[in-house]
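Hi,

Here is the structure I said I would pass on. Have a look at it first, and then read my notes below.

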Amino acid sequence: MADEHETIIILDFGSQYTQLIARRIREAGVYSEIHAYNTPVEVFKNKNVKGYVLSGGPDSVFEKNAPKGDPRLLSCNVPILGICYGLQWMAQEQGGKVAAAEEHEYGRAHLQRRVKSPLFRGLPDEFSVWMSHGDHVEVPPADYAVIGMTGKTISAIQHRQRPFYGIQFHPEVAHTEHGTQILKNFLFEVCGCCGDWTMGSFADRTVAQIRDRVGAGQAVCALSGGVDSTVAAVLVDRAIGKRLTCIFVDNGLLRKDEYQEVIQRFQDKLHLNVLGIDARADFLSKLEGVCDPEEKRKIIGAEFIRIFERQAKSLGPVEYLVQGTLYPDVIESVSVRGPSAVIKTHHNVGGLPESMHLKLIEPLRELFKDEVRRVAQELGLDPEFIHRQPFPGPGLAVRILGPVSEERLSILRQADKIVEDEIRTAGLYEKIWQSFAILLPVSSVGVMGDGRTYENVVAVRAVHSQDGMTADWVHLPYPLLARISNRIVNEVRGVNRVVYDISSKPPSTIEWE
Ligand code: XMP
């Protein structure tokens with residue numbers, strides 16, 4: 001999909017910052033892709049490659065199995081920016097001398113510019129940079145000039161004839177002053193990019209490509225109600241209109257009024273061709289008496305596939321399945337060793353493509369989450385929807401500890417709605433990663449009026465997080481907690497106690513199951 005627009009290839013030598021480099025380049029308006037460090041150059045021959053960035057990495061060039069790039073990169077005339085390990089590999093490969101670390105240098109360092117260089121155009125003579133490395137270049141290869149030093153360390157070099165640059169510090173991290181400008185200089189001064197990557201251009205281009213690919217074919221899409229599958233569906237709808245059928249299943253595990261609101265949004269606001277399936281009874285009967293969380297997930301997943309498959313078959317010949325897979329699902333840049341580490345194929349609706357022989361359309365597989373939100377904005381989706389907090393696929397089933405029943409679902413829905421309303425009223429909804437209620441499988445004694453009660457306990461959870469991988473509990477103001485607690489106990493029959501979850505992830509998880 002990315003073949004026509006100008007592209008920067010990032011070769012990943014295993015740095016924790018590789019994804020960040022891709023982000024920074026895209027933010028500057030240039031499309032970038034991450035590939036494994038040893039990808040042969042011919043893989044890129046059909047792409048409009050304007051330059052390569054060699055990322056940092058945890059290894060030392062002196063190790064026996066140190067990762068090595070394709071040496072032919074260094075005989076092309078395409079611009080290269082080596083960062084940290086990337087620089088060291090380039091320097092060693094071209095006959096320079098890399099010195100092993102006596103001690104590691106981490107954190108802030110002071111760079112002093114030497115000779116003039118397009119990489120540092122517009123920058124002051126001295127600025128702070130962020131280092132995280134062991135080895136360094138002691139003698140640059142022949143034909144290279146030193147363009148920056150940090151103390152006695154060579155920290156930036158440039159080839160005298162070719163567009164090759166290497167820097168020891170990390171321009172992608174916020175601690176490097178002018179880091180963004182250095183990356184922009186590489187993109188615009190060195191690679192000659194014009195910056196054709198905008199979310200508007202992405203949407204137009206993607207719609208045209210889908211139209212070309214699908215022709216007169218039929219496609220089907222399983223909508224989850226979340227932003228990713230919705231944006232994917234809207235793009236495909238723009239391309240092929242009513243030949244896309246969307247399926248939205250009410251599994252009985254959704255939040256209060258969610259099914260009606262989502263269907264209404266899809267039909268009336270987005271004009272999608274959507275089939276709403278009421279499968280509440282199927283899911284709830286299969287979940288009856290089930291306590292184990294993983295068992296619940298398996299049952300819900302299998303039931304979803306069964307219903308989706310039956311509906312899709314009833315549509316007649318369908319060739320394509322639309323999925324909202326994102327870029328971080330596609331690329332795995334953490335480990336650079338071994339073929340399994342290179343690309344991970346991720347299916348949001350596990351099992352579907354294999355059993356149904358459908359070809360995948362994944363219009364968002366080049367994008368990060370915040371880029372999807374920008375496309376959603378371009379496509380005119382309402383902001384309230386775009387900034388919805390994440391909600392797990394198995395829904396309220398993993399927030400009702402113990403068996404799921406209509407009665408317990410009803411209690412949790414009411415409590416959850418109160419949490420949402422109060423968090424929104426306090427202006428905190430969009431500042432919090434997730435905030436919700438959990439129904440515990442214990443009863444506790446209480447007193448209401450003159451009588452003793454023995455009823456359910458509801459837990460409230462609110463967490464800050466960047467990506468759901470780690471999380472910290474939110475220090476909600478006491479008056480807000482008091483309002484939530486009072487309202488739940490007074491308004492939801494069957495609950496006489498509310499507790500607040502003050503655990504972070506790790507060691508806890510965000511969901512309780
Ligand atoms: P945990 O509980 O593992 O959750 O800290 C991390 C993030 O993932 C969501 N989550 C799920 N999403 N299916 C999903 O689609 C699931 O089975 C599932 N379990 C957890 C959770 O809401 C949080 O955002």
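Helix α7 (residues 280-287) packs against helix α8 (residues 293-314) at an angle of about 150°, and their axes are 10 Å apart. Axes here are lines fitted to C-alpha atoms, for helices over the stretch in contact, and angles run from 0 to 180 degrees between N-to-C directions. Helices (H or I, at least four residues) and strands (E, at least two) are DSSP runs, numbered from the N terminus. The crossing of α7 past α8 is right-handed, a label used if the near helix is turned clockwise from the far one by less than a right angle. On the α7 side, D282, F283, K286 and L287 meet residues of α8 that include K296, I299 and F304; contact means heavy atoms within 4.5 Å. By class, this contact has six nonpolar, no polar and five charged residues. In that count, Ala, Val, Leu, Ile, Met, Phe, Trp, Tyr, Cys and Pro are nonpolar, Asp, Glu, Lys and Arg are charged, and the others, Gly among them, are polar.

Before going on, some ground rules. This is a predicted model, where local features need pLDDT of at least 70 and side-chain atom pairs count only at pLDDT 80 or more, while totals for chains, interfaces and linings use all residues. Residues are numbered from 1 along each chain as its sequence is written, and side-chain values use heavy atoms, with hydrogens and water left out.

Now the whole protein. It has 14 helices and 20 strands, and is divided into domain 1 (6-190), domain 2 (199-386) and domain 3 (405-500), with bounds from an automatic or database domain assignment. The C-alpha centres of domain 1 and domain 3 are 50 Å apart. Of the 513 residues, 55% count as buried. Buried means under 20% relative accessible area, exposed over 50%, and partly exposed in between (1.4 Å probe, protein chains only).

What about the inside? The largest nonpolar core has 50 residues, and V249, L253, F308, I423, L476 and I488 have the most contacts inside it. A nonpolar core is a set of buried Ala, Val, Leu, Ile, Met, Phe, Trp, Tyr and Cys residues joined through side-chain atoms within 4.5 Å. Helix α13 (residues 406-425) gives the most to this core, seven residues, and the core draws at least three residues from each of domain 2 and domain 3. Apart from it lies another core, of 44 residues, with M199, V234, V372 and L381 among them.

Leaving aside neighbours within four places in sequence, R388 is in contact with G225, R255, E258, R373 and Y429. Q181 sits in helix α3 (residues 179-190) and, at 34% relative accessibility, counts as partly exposed.

Last, the backbone. Most residues other than glycine have a negative phi, and most peptide bonds are trans. H178, in the loop between β11 (164-167) and α3, has a positive phi near 65°. H271 has a positive phi as well, near 55°. The peptide bond from K505 to P506 is cis, with omega near -15°, and the bond from P506 to P507 is cis, with omega near 10°.

Cheers
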